[in-house]
Amino acid sequence: MARLARQPWFLGIFSALLLLLPFSIVGPVPFWRTFFAWLAFVPLFCGLLSQRNLSHPRALLRATLAAYLMGFLWFCGNCYWIYQTMLYYGGLPPLISAGILIGYSMVLGLYFAALGFLLTAAAKAFRSPPSALLAAPFFWVALELLSARLTKVPWDLLGYSQIGNFLLTRLAP
């Protein structure tokens, strides 16, 4: 079990679950749950930047797939309403409605995959995981901007999870 817990793909699943917490399913999110947005990527980053993963011959592929799995699962869990919208309001059969949600999640999960690839490539190029961590926020913001512009889907950006955070909203003006 301990070996499984160190696998990048397993840590990607855990990160996806953590990232679901700061986003609302119904009603406002309690303030304490917004804190998880700051921690959700930590398990994934630990898996991707571990010496065990970085020394693996297929480190870039493993990192890309682990981050893709995180993104795919997160979009499936956070955009569950796409299934219901297609089913009830679009009049589509359940299988097609589920296929639309899965296809949507597969496409937008590619941005997470790009993050995993870039982060691991930076760690290997700099030969320093801490240096890659310094680049991670820049990679993420660039990928979110690209996602919002390219796909024209400005939903579920990470900053949206902090809308109810009084301390951060006071800094915005």
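This is a predicted model: local features need pLDDT of at least 70, side-chain atom pairs count only at pLDDT 80 or more; totals for chains, interfaces and linings use all residues.
## The nonpolar core

Let's start on the inside. The largest nonpolar core is made of 35 residues. Leu19, Phe41, Leu44 and Phe112 are the ones with the most contacts inside this core. As for who supplies the residues, α2, α5 (42-48), α7, α9 and α10 (129-150) each give two or more. The top contributor is α9, which hands over nine residues.

Which residues does Leu19 touch, leaving aside those up to four places away in sequence? The list is Ala40, Phe41, Met70, Trp74, Phe112 and Leu158.

## Aromatic rings

Now for the rings. The model has 13 aromatic pairs. One of them is Phe75 with Tyr104: their ring centres sit 6.0 Å apart and their planes meet at 90 degrees, so this pair counts as edge-to-face. For that label, the planes have to be over 60 degrees apart. The pair also ties together distant parts of the chain, with Phe75 in helix α7 (residues 59-78) and Tyr104 in helix α9 (residues 94-126), 29 residues apart.

Are these two residues buried or exposed? Phe75 has a relative accessible area of 6%, so Phe75 is buried. Tyr104 comes in at 14%, so Tyr104 is buried too. The cut-off for buried is under 20%.

Both rings belong to one aromatic cluster, together with Phe23, Phe41, Phe45, Trp74, Trp81, Phe112, Trp140 and Trp155.

## A nonpolar patch on the surface

Nonpolar residues turn up on the outside as well. Phe35, Trp38, Leu39, Val42, Leu168 and Leu171 make a nonpolar patch on the surface, and together they have about 610 Å² of accessible area. Two helices give two or more residues to this patch: α4 (36-39) and α11 (166-171).

Take Leu39 as an example. Leu39 is found in helix α4. With 35% relative accessibility, Leu39 counts as partly exposed, because that label covers values between the 20% limit for buried and the 50% limit for exposed.

## A buried residue in a loop

Last stop: Gln7. Where does Gln7 lie? Gln7 is in the loop between α1 (2-5) and α2 (8-20). Even so, Gln7 counts as buried, at 15% relative accessibility. Setting aside residues up to four places away in sequence, Gln7 touches Arg52 and Arg62.

Note on methods
Residues are numbered from 1 along each chain as its sequence is written. Side-chain values use heavy atoms; hydrogens and water are left out. Helices (H or I, at least four residues) and strands (E, at least two) are DSSP runs, numbered from the N terminus. Buried means under 20% relative accessible area, exposed over 50%, partly exposed in between (1.4 Å probe, protein chains only). Contact means heavy atoms within 4.5 Å. Rings of Phe, Tyr and Trp (its six-membered ring) pair if their centres lie within 6.5 Å; planes under 30 degrees apart count as stacked, over 60 as edge-to-face and the rest as tilted. Patches are made of residues with over 30% relative accessible area and no salt bridge: like charges are joined within 9 Å, nonpolar side chains (Val, Leu, Ile, Met, Phe, Trp, Tyr) within 5 Å. Accessible areas come from the Shrake-Rupley method with a 1.4 Å probe; for residues, only the protein chains shown count as cover. A salt bridge is a side-chain nitrogen of Lys or Arg within 4 Å of a carboxyl oxygen of Asp or Glu. A nonpolar core is a set of buried Ala, Val, Leu, Ile, Met, Phe, Trp, Tyr and Cys residues joined through side-chain atoms within 4.5 Å.
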